[in-house]
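Subject: Structure for you to look at

Hello,

Here is the structure I promised to pass on. Please open it next to this note and follow along.

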Amino acid sequence: MKIGRVAGTVVSTICSPVFENRKLLFVDLLDLDGNGTGGDVIAVDAVGAGAGETVLVLDEGNGARQVLEAPDAPVRAVVVGVIDEIETLRTSPVRRR
Amino acid sequence: MELGRVTGTVVATTIYDGLEGARLLIVQPLDRKLRPRGRPVVAADGVAMAAPDDLVTFVSSREASLALPPPPGPVDHAIVGIVDAVEEWSQ
């Protein structure tokens, strides 16, 4: 899984059925210090994450389809958690806003 | 998924059986500010409605083949949505 920050949403009316009535979040990927890596991913929200929150992103298809209970859906990235705090041996916590 | 812009189409008359009928489009990946990032890819159109200049979301790797009608074909990028808007949240 990856760590990211919710930076926005994507609105799409014409889309694969699995994305209908689901929130698509634009997530900037972060390193352990909370700095942007320059990468980003559009992920389906499975936990009700909000603006600016630090989140856990699953970027793997089998798990994503399981989370969304959509066995044949073309989905790979899902936000599966809102991170409260990260502790590392380098003491670089990312705190929930 | 990633954000991208359709910049062209690809026509291939001779093609693997599983890809017959699939529309192939050239997609330039974009970042959140709609700036180009990386090299363009050829993506199958999983919504069958994407056209040049459309802003789209596309999925890559094995999941791309699930965007087309079964059985899963040899596809590594597929368009799964046409984007109406990208709404940024200021920090």
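**Strands in chain B**

In chain B, strand β1 (residues 2–10) and strand β4 (residues 55–60) run antiparallel, joined by four bridges. Strands are DSSP runs of E with at least two residues, helices are runs of H or I with at least four, and both are numbered from the N terminus. Two strands count as paired if DSSP finds at least two bridges between them. One bridge in this pair links B:L3 to B:T57 in β4(B).

β4(B) also pairs with strand β5 (residues 77–88) of chain B. That pair is antiparallel too, with five bridges. Here B:F58 has B:I79 in β5(B) as its bridge partner.

**How to read the model**

This is a predicted model; local features need pLDDT of at least 70, side-chain atom pairs count only at pLDDT 80 or more, and totals for chains, interfaces and linings use all residues. Residues are numbered from 1 along each chain as its sequence is written, while chains are lettered from A and ligands numbered from 1 in the order in which they are written.

pLDDT is the predictor's confidence in each residue, from 0 to 100. Chain B averages 93, and 99% of the residues score at least 70. For the complex, the predictor gives an ipTM of 0.88 and a pTM of 0.89.

**Where the chains meet**

Chain A puts 24 residues into the contact and chain B puts in 28. Two residues are in contact if their C-beta atoms, placed from the backbone, lie within 7 Å. On the side of chain A that touches chain B, β1 (2–15) and β3 (36–45) each supply at least two residues. β1(A) gives the most, with nine residues. By class, this side of chain A has 14 nonpolar, seven polar and three charged residues. Ala, Val, Leu, Ile, Met, Phe, Trp, Tyr, Cys and Pro count as nonpolar; Asp, Glu, Lys and Arg count as charged; the others, Gly among them, count as polar.

Strand pairing crosses between the chains. β1(A) and β5(B) run antiparallel and share seven bridges. A:V11 stands opposite B:A85 in β5(B).

**The core**

The largest nonpolar core holds 46 residues. Such a core is a set of buried Ala, Val, Leu, Ile, Met, Phe, Trp, Tyr and Cys residues joined through C-beta atoms within 7 Å. Among those with the most contacts inside it are A:V27, A:A43, B:F58 and B:I79. β5(B) gives the most to this core, with five residues.

Setting aside neighbours within four places in sequence, A:V27 is in contact with residues including A:V6, A:A7, A:V41, A:A43 and A:V57.

Is A:A7 buried or exposed? A:A7 is buried because 20 other C-beta atoms lie within 10 Å. The cut-offs are 20 or more for buried, 12 or fewer for exposed, and partly exposed in between, counting other C-beta atoms within 10 Å, placed from the backbone. A:A7 lies in strand β1 of chain A. Beyond four places in sequence, its contacts include A:F26 and A:V27, and also B:R32, B:E88 and B:W89.

A:A51 sits in the loop between β3 and β4 (54–59) of chain A. A:A51 has 16 C-beta neighbours inside 10 Å, so it counts as partly exposed. Outside four places in sequence, A:A51 is in contact with A:V6 and B:W89.

**The helix in chain A**

In helix α1 (residues 61–68) of chain A, the residues A:G61, A:A64 and A:R65 are buried. They lie on the same side of α1(A), because they cover an arc of only 95° around the axis. The arc is that of the directions from the helix axis to the C-beta atoms. The buried residues of α1(A) pack against β4 and β5 (77–82) of chain A. Just after α1(A), A:E69 takes a positive phi of about 50°.

**Backbone details to check**

- The peptide bond from B:P70 to B:P71 is cis, with omega near 0°. B:P71 is in the loop between β4 and β5 of chain B.
- A:N21 is not a glycine, yet has a positive phi of about 60°. A:N21 counts as exposed because it has 6 C-beta neighbours inside 10 Å.
- B:D53 is not a glycine either, and has a positive phi of about 80°. B:D53 is in the loop between β3 (41–45) and β4 of chain B.

Best wishes
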